[in-house]
Protein chains: 2
Amino acid sequence: MKIDPDKKSDLSAQIAKAIRDAIIAGQLMVDERLPSEAELAEQFAVSRPTVREALKRLAAQSLIRTQRGAFGGAFVNRLSYGEAYGQQITTATLLLSMNAVSFDVACEARYALERACAPLSAKRRTCEQLATLRAEIQRQAQPGLSDETFCASDVTFHRTLVDGAGNPVLSYQLAGAVEAMQPLMNMITFTARSREAIVTLHTRIADALEMRDAGAADTALSQLEEYTLGLGRDVMQARATRA
Amino acid sequence: MKIDPDKKSDLSAQIAKAIRDAIIAGQLMVDERLPSEAELAEQFAVSRPTVREALKRLAAQSLIRTQRGAFGGAFVNRLSYGEAYGQQITTATLLLSMNAVSFDVACEARYALERACAPLSAKRRTCEQLATLRAEIQRQAQPGLSDETFCASDVTFHRTLVDGAGNPVLSYQLAGAVEAMQPLMNMITFTARSREAIVTLHTRIADALEMRDAGAADTALSQLEEYTLGLGRDVMQARATRA
DNA sequence: GACGTTTAAATGTCTGACATTTTGCGCGCA
DNA sequence: TGCGCGCAAAATGTCAGACATTTAAACGTC
């Protein structure tokens, strides 16, 4: 099932790959216990530390979980949406920060994805989600809010919008896009006037969802995208002239 | 910078987290070399194997790469789109397969995301991408194609459609959604008639992109979604009656 | 100055041991 | 008989030291 040819080095990576493939192929079922480290070491004809390094690799991807004690060991993990979110967000954040993704490109992607959710959200949003949206809007309208708090509320607003689609796969996909934008958004200093404009557009979105009007939601999102893009360009320009 | 409180156990996880946080916070720049394993072991007051396990965790997430030899060591990795794709796909695949995500939900998410790309694709698709779409359509029309080959071509078609938007962030986000669906799609047996219908709709999409007609592309995608959904339901129903 | 050799630094791997945690079983006691 | 306590076993977590391997820089020779 999982032999290990004597390819070029890095045994722990090969072993991790073998086990990972077995999990993906369904040869190891969820909650099934893997052989103990000692047994794996014998199977692969390597030492225990090498096996351990392989298991740690898998643990980092939430593919397995380990449990100490008698009848403990490594178990195939049921990948939860929560864990997947976390990985998705860190990966997306790093991807954006390390590849010099421009504000424009990130913004375009984010709003394109959100617009994909809007019709579904208009159809399915719950009253509770609508209330959350309203509450966040109210928070954003408060004067004296720090930029970070404003951004955090913005993230909550948009995540709620996405969750409104009632499709966990969509929510998972978009969690990364929305949250990974936050560092970029945090670079923007929100003036009183820009906050007011954003709150107005957020209100328009919430109104559209309340009326279950997909078209209006799409329009408002487009306007918000354009406005956010303008804010980002101003920041970039100010930074360019200052330098 | 990265001390390590004596929280409850699993030192390697704590160390990995400390380094990961340092990378995300930008305290460690891309291509910067981390201290050697021995130095890290001394800093954190743990043994070298423990440090190694932590580093393997980070390597599994492509956060670092290691290089052997003199002046080798662990370096902060520039997360490339390719690596991110890979992780995204395996995570999404597992999420779908282990959480019993229904065909309907996955399908809805996938086509919602693709429709988000369609307008951008209509605007920006290159001639080369259009040619790829046409070539895949031609391949799909060939008789005697295995279901797996047909599915693979389908994936290529849709990934090209997504890439046509010319936004790498979008491509990254959607790679998971499209590829992770493949195992579910592979459960479908494509009859000659259903293949013909799919090819017709694919052609309609390609035509729309050629004319740069976003509306037509959206319509064709909606029809394809509905048709795919129907196919999936038939399979489920057949499976239910057989059981 | 070019080329081969040495050398040192670092990761990769192994061996063996001990610590810690958790479970299950058996023993003793009421 | 039933209950609880403690001990042993099994497994992971951690450590220490050693050796193997790889790689590039430093050195020496022609």
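Let's start at a helix end: A:N167 caps the N-terminal end of helix 8 of chain A, with a side-chain oxygen 3.0 Å from the backbone nitrogen of A:V169. This is a predicted model, in which local features need pLDDT of at least 70 and side-chain atom pairs count only at pLDDT 80 or more, while totals for chains, interfaces and linings use all residues. Residues are numbered from 1 along each chain as its sequence is written, chains are lettered from A in the order in which they are written, and side-chain values use heavy atoms, leaving out hydrogens and water.

**Helix 8 of chain A**

- Helices (H or I, at least four residues) and strands (E, at least two) are DSSP runs, numbered from the N terminus.
- Helix 8 covers residues 168-180, and its end C-alpha atoms are 18 Å apart, which agrees with the 18 Å that its 13 residues should span at 1.5 Å a residue; the expected span is 1.5 Å times one less than the number of residues.
- At A:L174 this helix bends by about 30°, the bend being the angle between axes fitted to the seven residues ending there and the seven starting there.
- Among the buried residues are A:V169, A:Y172, A:L174 and A:A180.

**Helix 3 of chain A**

- Helix 3 (residues 48-60) has 13 residues and reaches 18 Å from its first C-alpha to its last, close to the 18 Å expected.
- Its buried residues include A:V51, A:E53, A:L55 and A:R57.
- The cover over the buried residues of helix 3 includes helix 1, helix 2 and strand 1 of chain A, together with helix 1 and helix 3 of chain B.
- Just after helix 3, A:S62 takes a positive phi of about 60°.

**Where chain B meets chain A**

- The contact (heavy atoms within 4.5 Å) takes 50 residues from chain B and 50 residues from chain A.
- About 4300 Å² is buried between the two chains, and carbon and sulfur atoms give 64% of that area; buried area is the accessible area (1.4 Å probe) that two parts lose on being put together, summed over both.
- B:L79, B:L95 and B:M98 supply 14% of the area that chain B buries against chain A, more than any other three residues.
- There are four salt bridges between the chains, each a side-chain nitrogen of Lys or Arg within 4 Å of a carboxyl oxygen of Asp or Glu.
- B:R124 forms a salt bridge with A:E108, with the closest N and O atoms 2.5 Å apart.

How values were computed: Buried means under 20% relative accessible area, exposed over 50%, partly exposed in between (1.4 Å probe, protein chains only). A polar contact is a pair of N or O atoms within 3.5 Å; within protein, one must be able to donate a hydrogen and the other to accept it, and residues adjacent in sequence count only if both atoms are side-chain atoms.
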